[in-house]
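Hi,

Here is the structure I promised to pass on. Have a look at it first, and my notes follow below.

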Amino acid sequence: MVYLLYQLQDVSLSKGGKEILKNININIANGDRVSVIGPSGSGKSSLLRLLSSLDSPSSGRILYMGEDIEHKEPMEYRKKVRYVFQKPYLFGSTVRDNLTFCYNLEKCEPNYDRIYYLMDRFNIPYEFLDKSRDSLSGGEQQRIALVRSLLVEPEVLLLDEVTASLDFANSLLVEEYMIELNEEKGITAILVTHDMDQAKRWGGDTIYLEEGKTKYYMPTEKLFNEHKED
């Protein structure tokens, strides 16, 4: 069953006297796969922060399943909607601390079958579990952050330049698994990227932001076929 997951109604965002997003009106259905592209400073990451409820609109409303996200209980909402930052934030001392965190929060035993499965999917050796977080490269930290977000089996993934620190092979590995989750599990996946080739591979629909406004929002293939020079 397809229904509207997000409705952004005349959403604007200002910070420090600067208008970052201006009168955004978009709808995103459950199970959509969307890339967000546009020049630096066009508001791409700010849009994801609004969808994740990390920031609040200066004006307008964002509805999640018909209810203003301002009225959602933050912890419950963020179990369903996972934001993965461009710069990964790891906590504790080890990789294990990060991958068992969600289980500790729920006061239940870690599901190591699932942990190992996701480590395999992201090309992370099992011995990394006891590695110090400070000994990891940027790309390794990013893949650990992705695994951590997926352990809770979210309904929505908000992915902010998540492959920027990865080599091409690992970037493809991440993309392919995210697309698989979208197509097979129905997880709504929204990806911010500067990489136009990545946006094309991502498929689905694309939001093109320019100077804080929605310039285009259409099927990705159509966008790149009709607006090659933009």
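Let's start with helix H7, residues 168-185: its 18 residues reach 25 Å from first C-alpha to last, close to the 26 Å expected at 1.5 Å a residue. (That expected span is 1.5 Å times one less than the number of residues; helices, H or I with at least four residues, and strands, E with at least two, are DSSP runs numbered from the N terminus.)

Before going further, note that this is a predicted model, where local features need pLDDT of at least 70 and side-chain atom pairs count only at pLDDT 80 or more, while totals for chains, interfaces and linings use all residues. Residues are numbered from 1 along each chain as its sequence is written, and side-chain values use heavy atoms, with hydrogens and water left out.

Back to H7. Its buried residues include Val 174, Tyr 177, Met 178 and Leu 181; buried means under 20% relative accessible area, exposed over 50%, and partly exposed in between, with a 1.4 Å probe and protein chains only. Among the elements covering them are strands E3, E7 and E8 and helices H5, H6 and H8. Just after the helix, Gly 186 has a positive phi of about 75°.

E3 and E8 pair in the parallel sense over 4 bridges, and the bridge partner of Ser 35 is Leu 191 in E8. Contact here means heavy atoms within 4.5 Å.

What about disulfides, meaning pairs of cysteine sulfur atoms within 2.5 Å? The structure holds 0 of them. Cys 102 is in none, as the nearest cysteine sulfur, that of Cys 108, is 7.2 Å away, too far for a bond. Cys 102 is buried at 13% relative accessible area, whereas Cys 108 is partly exposed at 36%.

Cheers

Note on methods. Disulfide = S-S within 2.5 Å. Pairing = 2+ DSSP bridges.
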